[in-house]
Amino acid sequence: MATTTATATTAPKYWGGGKSPFNVEYGKVMMWYFLMSDAFTFGAFLIAYGTTRFSANGWPNPNLVFKSYPFSGENSNAPLVFVSIMTFILIISSVTMVIAVQAGHAMDRPKVVRNLIWTIIGGLAFLSCQAWEWTHLRLDEHAWWGMNPFANSNGTVGHQDFTNFFFTITGFHGFHVFSGVIINIVMLIKTLRGDFDKRGHYLMIEKAGLYWHFVDLVWVFVFTCFYLI
Amino acid sequence: MSNEAVLHANVEGATAHDAHHDHGEHHEHHHHETFISKYVFSMDHKMIAKQFLITGMVWAILGGLMSVLFRLELGYPDTKFMFLQDILGKWWVQDGRITAQAYYALVTTHGTVLVFFVLTAGLSGTFANFLIPLQVGARDMASPFLNMLSYWFFFMASVVMLSSIFVETGPFSGGWTAYPPLSALRDASPGSGRGMDLWVIAMALFVVSSLLGGLNYIVTILNMRTKGMSMTRLPLTIWALFFTAVLGVLSFPVLLSGFILLIFDRNFGTSFYLSDIFVNGVGALPNEGGNAILFQHLFWFLGHPEVYIILLPAMGMVSEILSVNSRKPIFGYMAMVGSLFAIAILAFLVWAHHMFVTGLNPLLGSIFVLLTLLIAVPSAIKVFNWLTTLWRGNIRFTPAMMFAIGFVSLFISGGLTGIWLGNSALDIHLHDTMFVVAHFHIVMGVASMFGMFAGIYHWYPKMYGRYLNNTLGYIHFWVTMAGAYLIFWPMHYEGLAGMPRRYYSYSAWESFKQFGGLNQFISTVALIVFAVQILFLFNFFYSIWKGRKLTTQNPYGSNTLEWTTPIRPGHGNWTGEIPEVYRWAYDYAKDGREFIPQTTPVDPNETNH
């Protein structure tokens, strides 16, 4: 009992040196700072988009632009249905990622593997949806960087930067999802090889999870800015 | 106690070891290194620091040479330099005069190289790498591998930037700020084509390098401090480098976004920054709806913190050097940390003061004036504390100390004109004049160079185990110091008279003809100052092999941890255990003792500081 009181008086010196003040290894702190940095990249993109849009005379109505889904034919009118499915898939992949991280804490390798595979499938499904959407816009609507066929909602000629921002920012996000899938595949291989069991902890999965959740979170903002507003 | 025993054992071991071969390494505690793993793809923070330093020095010479070339044009517009034409070729020099295109290319590359490659990578790359592990008491950076990548990304950026000088249409020539449309339209100017492609690739690589480095610096400072090294016991160098890294990690990504949009504008037909443009020979462009000012916002959101990325490491090192060489504790340690923090916060809130004349809303302008002038408060606190640290100190005028005092002088002189420029009303008259050139060269350029020189002179013995030559150091200091004022002071007058910057020739203006002689004077001094830097270069490289040997572990009687390592530390820095820290870094002239190293346990009879 005497030892507990002794530690109680000396223990709270988290910042005293000799150990991590957050009680985590450096990689996780680094990941958090990286995510902050990346948040500024996306933040700058979205603010650039916002300033351009608010200073514009008009902007296309997303409900009239994003209204198709695969095999829906020419005259489909299902505004935002497809992108909602995409979003749902990505959010579910975050759930499976959480389960994988949780299983990692419990050193439950089969469960980590199972959930990582689901996360990878979710990521790939999202990327496939995005690929379909881009192909549809490119081939059927003739929208691309430098080409905007969609009229503004007030009937004037569509603002040039509508498609420019859409493809740049969702593309940049898609690139992040793609990197996340690659990271998760590497994590899956390492888990299957038993690297983390040998190491005694699944912290790498946790860091990959941080990145994955961040990418999902960014999508929530991208989705809001491009599809909802 | 056991620490001290270990340390003393180290000194003897190290000196005995070093006496026989200069390039000796300490085999006793790490595996054998090949030439490649030791000097090229090194993961030792000390070697990476030297790589950053020497690459930065190469760039400093190239960038300085560029300024000499365009100063020749400004100072001697009527003189023919035929030998330059023979060396550089007709694209650069025609009829013995720097061509207009070359002039703009030189100004642009000089700015880019000095700001990013010398004073960002060369300064914080060198000293963050060198000092952070040594002063916080860590064996290396948190991730030596990412640290190595950080240097090699910088190296690649350097190669790409260098190659842009040799392309047929010349390097980018639209100013270091790379404003569109000059940077966004390939046909806008010769340098806007291939030269700008290479410029933007180099800068993207540079951003990656800076991110990898910055993350490492932050994490090392937070996570890897030795036992007892609480945040408030850190030397001010480390605090400054910490805020520098945070600024870099949070501001470079915004520049990256700006560059990505710029790349799309250049290559993929977008109009993020373009609207209503007519190009001679091409006609009206189809781009509509973009805004060139958007780029300026994104650029200066990096650009202003960048000023402090350059300045803060110099401030940190100067604080340390002033205290050590005054044999006095730094005055107002917490105020120093607080003012660094305040500067770091304000750095993000003042970017639009570079844009007062872009048609910014005057109300917004006045807010930015207020926030800009607020920076004077922490800056004044720092100056006050430096001066009070010197006050009645037992000053040792080493070359490092001279440069540190020179830094304070330059920071005051340049800072005062900052108060002028921070006013949006005055800025209507002063923007884009030589006044601005004078201001930022003194307060940011030369001052940070002085910080860098101070750091090099001070830590050179730790880097190479030998001293720099002091006599050459004093000559270097006095000529550079006098030269800096002689070059930039007159520019204030030119600027006040309305003489614009970035002009190739002023001969068409009757009103600026009066400055012909002054320009000649400035250019001549610039030439002399550049020559003295060559002297420094000689001193640097000569002393690596032939300099006076360091024979004691702690030559300055310094408190910080880097002087507890062996004279030539191997990879891992300390041969035994990492020492434990018991006190802050500034116990000088306390209780009748000249200095008390951080590793000395607190005596119960000691007075409180």
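This is a predicted model: local features need pLDDT of at least 70, side-chain atom pairs count only at pLDDT 80 or more; totals for chains, interfaces and linings use all residues.

**Exercise 1.** Determine which secondary structure elements chain A contains and in what order they occur.

*Solution.* Begin with the count: chain A has 8 helices and 0 strands. Next, follow the sequence, along which the pattern reads α-α-α-α-α-α-α-α.

**Exercise 2.** Decide whether chain A is a compact globule or more spread out than one.

*Solution.* First, take the radius of gyration of chain A, which is 22 Å. Then compare this value with the globule rule, which gives 17 Å for 229 residues. The radius of gyration is well over the value from the rule, so chain A is more spread out than a compact globule. Finally, consider the principal axes, along which the C-alpha trace spans about 80 × 40 × 25 Å.

**Exercise 3.** State what percentage of the residues of chain A count as buried, and what percentage of its contacts with a separation of 6 or more join residues 24 or more positions apart.

*Solution.* For burial, 33% of the 229 residues qualify. For the contacts with a separation of 6 or more, 67% come from residues 24 or more positions apart.

**Exercise 4.** Describe the side of chain A that touches chain B.

*Solution.* Start with the residues: 30 of chain A are in contact with 37 of chain B. Then identify the elements of chain A that give two or more residues to this side, namely helix H2 (26-54) and helix H6 (161-192). The largest share, 15 residues, comes from H2(A).

Definitions and conventions:
Residues are numbered from 1 along each chain as its sequence is written. Chains are lettered from A and ligands numbered from 1 in the order in which they are written. Helices (H or I, at least four residues) and strands (E, at least two) are DSSP runs, numbered from the N terminus. The radius of gyration is taken over C-alpha atoms; the globule rule is 2.2 Å times the number of residues to the power 0.38. A residue is buried if 20 or more other C-beta atoms lie within 10 Å of its own, exposed if 12 or fewer, and partly exposed in between; C-beta atoms are placed from the backbone. Two residues are in contact if their C-beta atoms, placed from the backbone, lie within 7 Å.
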